Amino acid sequence: MTKYDTLVAKEQKSICNTYGRYPVSVARAKGSRLWDIDGKEYIDLLSGISVVNIGHCREDLVEVMTEQARKLVQVSNLFYQEEQVECAEKLLTTCGADRVFFCNSGAEANEAAIKLARRYMRTIKERDAYEIITLEGSFHGRTLATLTATGQAGPIKDGFAPLPEGFKYVPTGDIEALKAAITDKTAAIMIEMVQGEGGIKPLPAEYVKAIENLVAENDILLIVDEVQSGLCRTGKWWAHQHYGVTPHIFTSAKALANGLPMGAMLATEAIAKGFTPGSHATTFGGGALVAKVSSKVLDIMTEEKIADRAAEMGDFFITEALKIQKKFPEKINSVRGLGLMLGVELSFDGSEVFTQLRDKGFILNLTKGKILRLLPALTIDKKDLETFLKTLEELLSI
Ligand SMILES: Cc1ncc(COP(=O)(O)O)c(C=O)c1O
């Protein structure tokens, strides 16, 4: 029995059965490399699903982490904390928002966004507007409100009724449907600029412009979910910056502390007034340790021009992948993405290719059964992308 087999047998008796796991147990990591429990090496093209954006186990982050762990880890949000304010100030320099609410995950950040939109409408605008309109194919999280906001059917929602009221879905890209869905009960439209779980689908620029106009005409809010697309992933700090849009509220998590649990909801000054003491809170959010690490992550992203690097590597990948598509037009439907948020959509069931890639030492993701999704560290070596592309081409030529 391998170490892997022993671990799986133990897990099957101890952990809730919610994950369809890959048949790999990761023991350690460095940069864009993973090693499994039995010593096999992998090139990591997923970075913990867009979490470890500046690479695994960096010495500079380990130093900050250990130093802060000796000073203060967590004291609760009953107290002012220098580390939290420092992190908020740095985060605010990257975008058009004015205020931050820190939490622990993407779902929690989206919960905060939904709550703020409703409370702003009720308490500031004095309108009984609470409905949130989201797009079909979207993904916003797994808490009751965020799974309801998610524009997908299936196991994510099955068996959890009654779901919270006040959510509506419209087909992505259909501006007339969106217009028709807005009523005097609408508080906000919530979108991902690039649908991630939905299969790496950047929204068309003219559609986003039309949404912005609808939001202004109807005096409602625009919430952008940047949980996956944010923090340099798409070649800018935030994906909405490609579109020249300033959302009223946007959310972040995943890469915010490069692997430690950290989320944030950011809002403009006017909208943030919807929250007052007691209206929203969390025990862990923005604790000293995660906030200090996150500040360092933001420094590194700035100093190492990580967004530019993501844009450059993403362009390289797409150009090369399009060449492969040209060779095998019957096997690749499309190559798409923004920065290093990448999707290669096969024209057939991709499970075989996906398994072969993993056997050959590449960790990536397969969504919708045929989309190879890549979210590599933004610091990944160009050579690793080249090795992957070469291997993909070889597999498709068989
Ligand atoms: C766009 C988007 N929103 C929200 C979430 C939920 O984040 P979390 O798993 O941290 O709750 C995810 C997670 O994949 C996501 O991709």
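**Note on the predicted model**

1. Arg373 sits in strand β17, which spans residues 371–374. The model is a predicted one. Is Arg373 buried or exposed? Its relative accessibility is 1%, so Arg373 counts as buried.

2. Arg373 has contacts from several stretches of the chain. Leaving aside residues up to four places away in sequence, Arg373 touches Leu46, Ile49, Gly196, Glu197, Ile200, Gln228, Leu342, Leu364, Asn365 and Thr367. With Glu197 there is also a side-chain polar contact, at 3.1 Å.

3. Glu197 leads on to the ligand. A polar side-chain atom of Glu197 lies 3.5 Å from a ligand oxygen atom. The side chain of Asp225 places an N or O atom 2.7 Å from a nitrogen atom of the ligand. Phe139 takes part through its backbone: an N or O atom there lies 3.4 Å from a ligand nitrogen. The protein covers 81% of the 390 Å² of accessible area that the ligand has on its own.

4. How many residues surround the ligand? There are 13, and the closest are Gly106, Ala107, Asp225, Gln228 and Lys254. Gln228 is also among the residues that Arg373 touches.

5. Now helix α4, residues 82–92. Its buried residues are Glu83, Gln84, Cys87, Ala88 and Leu91. Viewed down the axis of α4, they fall within an arc of 130 degrees, so they line one face of the helix. The face turned away from that buried side carries Glu82 and Glu89, both exposed.

6. What do the buried residues of α4 pack against? Their partners are α3 (59–71), β4 (99–103), β12 (263–267) and α10 (288–303).

7. Strand β4 returns in the aromatic pairs. The count of such pairs is five. In one of them, the ring centres of Phe101 and Phe275 are 6.4 Å apart and the planes stand at 65 degrees, so the pair is edge-to-face. Phe101 lies in β4 and Phe275 in the loop between α9 (269–272) and α10, so the pair ties together parts 174 residues apart in sequence. Phe101 is buried, with a relative accessible area of 16%.

8. Phe317 and Phe388 form a stacked pair, 6.2 Å centre to centre with 20 degrees between the planes. This pair links distant parts of the chain: Phe317 is in helix α11 (residues 306–327) and Phe388 in helix α13 (residues 382–397), 71 residues apart. Both Phe317 and Phe388 are buried. Ring pairs also bring in Phe362, giving a cluster of Phe317, Phe362 and Phe388.

Technical notes:
Residues numbered from 1 in each chain as written. Predicted model: local features only at pLDDT ≥ 70, side-chain atom pairs only at ≥ 80, totals over all residues. Heavy atoms only, no water. Buried < 20%, exposed > 50% of the residue type's maximum accessible area, 1.4 Å probe, protein only. Helix = DSSP H or I, 4+ residues; strand = E, 2+ residues; numbered from the N terminus. Arc of directions from axis to C-beta. Contact = heavy atoms within 4.5 Å. Near = heavy atom within 4 Å. Polar contact = N/O pair within 3.5 Å; in protein donor to acceptor, adjacent residues only side chain to side chain. Areas by Shrake-Rupley, 256 points an atom, 1.4 Å probe, with all protein chains shown as cover. Phe/Tyr/Trp six-rings, centres within 6.5 Å; stacked < 30°, edge-to-face > 60°.
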